Amino acid sequence: MARRHETILTLGSLAEQLGAELIGPRDLAIRQVATLEEAGPDDISFLASRQYRPLLARTRAGAVILGGVDRDATQLPRLVSRHPYALFARVSALLNPGDAIQPGVHPSAVVDPAARVADSSTIGPNAVIGKDAEIGERTVVGPGCVIGCGAAIGDDTLLHANVTVYHDCVVGDRCIVHSGVVIGGDGFGMAEEHGRWIKVPQIGRAIIGDDVEIGANTTIDRGTLGDTIVGNGVKLDNQIQIAHNVLIGEHTAVAACAGFAGSSRIGSRCRIGGAAMIHGHLEICDGVTVAAGTMVRRSIAEPGVYDGFFPALPHRKWMRNLARFNHLDDLAQRVQELEARLAALDGQAASGSPEVSVGGLDDS
């Protein structure tokens, strides 16, 4: 395992800093996190689920992180938490601190004289900072980034190489923006006239809240009139498309390749699976989980799990199913006609009308 840093913490120190229960020696030195299979005597690992218990019995890890239900599943030194995966993430952060920030502007960077750049920030090689742009305290603007005129980047934010933030857009505090991200590009606004397309000016902004992480090559369009808004604590995976005037509520997480059409509104604490497609001008309430590959065509007003994809089938079976699917409308119409005729017969029987043969129901 590659190790960029040599940070060594004792098990007792980790327990104290993170509020975990410690079972084992306080002075055990921990250098790194690792999987149960790969961990060595100076590593700490964790049990993700009970199906990995056989690996726990064989691991060479010096210590492990467990949930309360598994606290006695091993005799190894251990940290116990109600949320073991979150504890693992915090331990990993302590053992793998980021590179020390070296404040300053690289000689090859181009910074407009009217830009406001904090002295504690870092501007990397070939970065461009436009007129009236603002760069906050201790923020890192990586190599090749472009920050447009009037854009604002908050404090303690990290922009990896080749991020583009268009004019007047806002990125909050403590954000992580990965390479290739484009914030504030034009939304797909077109008006048709006589068979030709006329561009609708996109004069809104894209506003990114605090503590947001945006994965590589994700694109967030600016609003047509109002703003596109990504709320505090939102986590976006790679290659996501967020169209103009979308609103994503706080602490929602979105997996890779999902797409949000214009003016859709997503609630807080939602989970959107990979390759999910959200149609425009609809609303999803708080606390909704949308499974991977699901297409959402209507608003969702009740929290819960929503799933709507067709799994892969052998080609011949899929073609047979498709042929039947193409006749569903005819079949539904025939069922409606039959139900109407049966209802009429029931009505006649209830009114004491002469008995009517139902043989005619067999004709097509």
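**Ground rules.** I am working with a predicted model, in which local features need pLDDT of at least 70 and side-chain atom pairs count only at pLDDT 80 or more, while totals for chains, interfaces and linings use all residues. Residues are numbered from 1 along each chain as its sequence is written, and side-chain values use heavy atoms, with hydrogens and water left out.

**Sheet.** I looked up the order of the open sheet and found eleven strands: S8-S11-S14-S17-S20-S25-S28-S31-S34-S37-S39, with parallel pairing. At the edges are S8 (104–105) and S39 (304–306), each of which pairs on one side only. A strand here is a DSSP run of E with at least two residues, and a helix is a run of H or I with at least four; both are numbered from the N terminus. Two strands count as paired if DSSP finds at least two bridges between them. Valine 254 has isoleucine 272 in S34 as its bridge partner.

**Hairpin.** I next looked at S22 (residues 190–193) and S23 (residues 196–199), which pair in the antiparallel sense over four bridges. Glutamate 192 stands opposite tryptophan 197 in S23. Two residues lie between the strands of this hairpin, and histidine 194 takes a positive phi near 55° there.

**Positive phi in loops.** I noted the background first: most residues other than glycine have a negative phi. Asparagine 162 is not a glycine, yet its phi is positive, about 65°. I found asparagine 162 in the loop between S17 (158–159) and S18 (164–165). Arginine 269, also not a glycine, has a positive phi near 55° and sits in the loop between S33 (265–266) and S34.

Are these two residues buried or exposed? Asparagine 162 is partly exposed because its relative accessible area is 48%. Arginine 269 is exposed, at 54%. The cut-offs are under 20% for buried, over 50% for exposed and in between for partly exposed (1.4 Å probe, protein chains only).

Lysine 317 has a relative accessible area of 42%, so it counts as partly exposed. Arg316, Lys317, Arg320 and Arg324 form a positive surface patch. Patch residues have over 30% relative accessible area and no salt bridge; like charges are joined within 9 Å, and nonpolar side chains (Val, Leu, Ile, Met, Phe, Trp, Tyr) within 5 Å. A salt bridge would be a side-chain nitrogen of Lys or Arg within 4 Å of a carboxyl oxygen of Asp or Glu.

Notes
Areas by Shrake-Rupley, 256 points an atom, 1.4 Å probe, with all protein chains shown as cover. Lys, Arg positive; Asp, Glu negative; His and termini not counted. Charge placed at Lys NZ, Arg CZ, Asp CG, Glu CD.
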